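Let's read a structure together, one feature at a time.

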Amino acid sequence: MEYLSSGDGIQSLSTYKILVGIVDIYDWFDIDYLPSKTVGLGNLSINGDGDFQVKFLNGIQGLICQCIDARSLCDVLSLENATELEYIIIQQCNSMESLVPPLPSYNGTFSGFKEFNCYGCNNMKLFPFVLLPNFVNLEVIVVHDCEIMEEIIGTTDEESSTSNSITGFILPNLRAVELFGLPELKSICSAKLICNFLEEITVDRCEKLKRMPICLVTSWLRLIFFLIIRE
């Protein structure tokens, strides 16, 4: 920690892969796929008051969280350091309810965000509505096996009145959406999502999904729906 916090430590590195705790080795097998500045946190008890925050990691680009008890990314990462964050995997973090807590403003947080992967987080509600304007570079959304999730982009009570007056948001670089095993999912978002380059939507075991308010600018889209057949 002293090395990472020192001026001659992490700040002098152009590339690093830092692993704290134990994570699934398969996520690190093809390490070249991960961004050049990536941190992995696995099987850790996170101190929610912020003592554990990775405040020394300026310019972090990739984050992997597996089986940690953080309530949101704010428990492990200062949002001030998230402007260059491109890639996130959150797996089996059952204390996590949202990517970040609702705030009045995020000031460019996640503006470099490209790919989000969420697996087996039973209490996750995912993105706060007010984050949408920051997702100008988002390309891929993958969500699997989150039991209570009703919306991919959810709203708090305070946000609901605002979102009702907004007709749509542009996600100019979104290319793929993959939704598996979300039994309570009813909608992707309450507002219309305008996508310039969306190529593929894959849906499996999302029996209650009723609303996909996506406006396509592209002329080609591949839709894959896996039908659940029951006797």
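Q: What percentage of the residues in the protein chain do buried residues make up?

A: First, a word on what we are looking at. This is a predicted model, in which local features need pLDDT of at least 70 and side-chain atom pairs count only at pLDDT 80 or more, while totals for chains, interfaces and linings use all residues. Residues are numbered from 1 along each chain as its sequence is written, and side-chain values use heavy atoms, with hydrogens and water left out. Buried means under 20% relative accessible area, exposed means over 50%, and partly exposed is in between (1.4 Å probe, protein chains only). Of the 231 residues in the protein chain, 48% are buried.

Q: How many helices and strands are there in the protein chain?

A: Helices (H or I, at least four residues) and strands (E, at least two) are DSSP runs, numbered from the N terminus. The protein chain has 3 helices and 15 strands.

Q: Among contacts between residues at least 6 apart in sequence, what percentage join residues at least 24 apart?

A: Contact means heavy atoms within 4.5 Å. In the protein chain, 63% of the contacts between residues at least 6 apart in sequence join residues at least 24 apart.

Q: Is I89 buried or exposed?

A: I89 is a residue of strand β4, and it counts as buried because its relative accessibility is 4%. I89 and Q66 are 23 residues apart in sequence, and their C-alpha atoms are 7.9 Å apart.

Q: Where does A191 lie?

A: A191 is in the loop between β11 (187–189) and β12 (192–195). Its relative accessibility is 1%, so A191 counts as buried. The C-alpha atoms of A191 and F169 are 7.2 Å apart, although the two residues are 22 apart in sequence.

Q: What does the side chain of S98 reach at 2.9 Å?

A: A polar contact is a pair of N or O atoms within 3.5 Å; within protein, one must be able to donate a hydrogen and the other to accept it, and residues adjacent in sequence count only if both atoms are side-chain atoms. The S98 side chain reaches the backbone oxygen of V100 at 2.9 Å. S98 sits in the loop between β4 (87–91) and β5 (115–119), and it counts as buried because its relative accessibility is 15%. Beyond its neighbours within four places in sequence, S98 is in contact with R71, S72, L73, M124, K125, L126 and P128.

Q: How many aromatic pairs does the structure hold?

A: A pair of aromatic rings is described by the distance of the centres and the angle of the planes. Rings of Phe, Tyr and Trp (its six-membered ring) pair if their centres lie within 6.5 Å; planes under 30 degrees apart count as stacked, over 60 as edge-to-face and the rest as tilted. The structure holds 3 such pairs. The ring centres of F113 and F116 are 6.1 Å apart with their planes at 80°, so this pair is edge-to-face. Both F113 and F116 are buried. One aromatic cluster is formed by F110, F113, F116 and F135.
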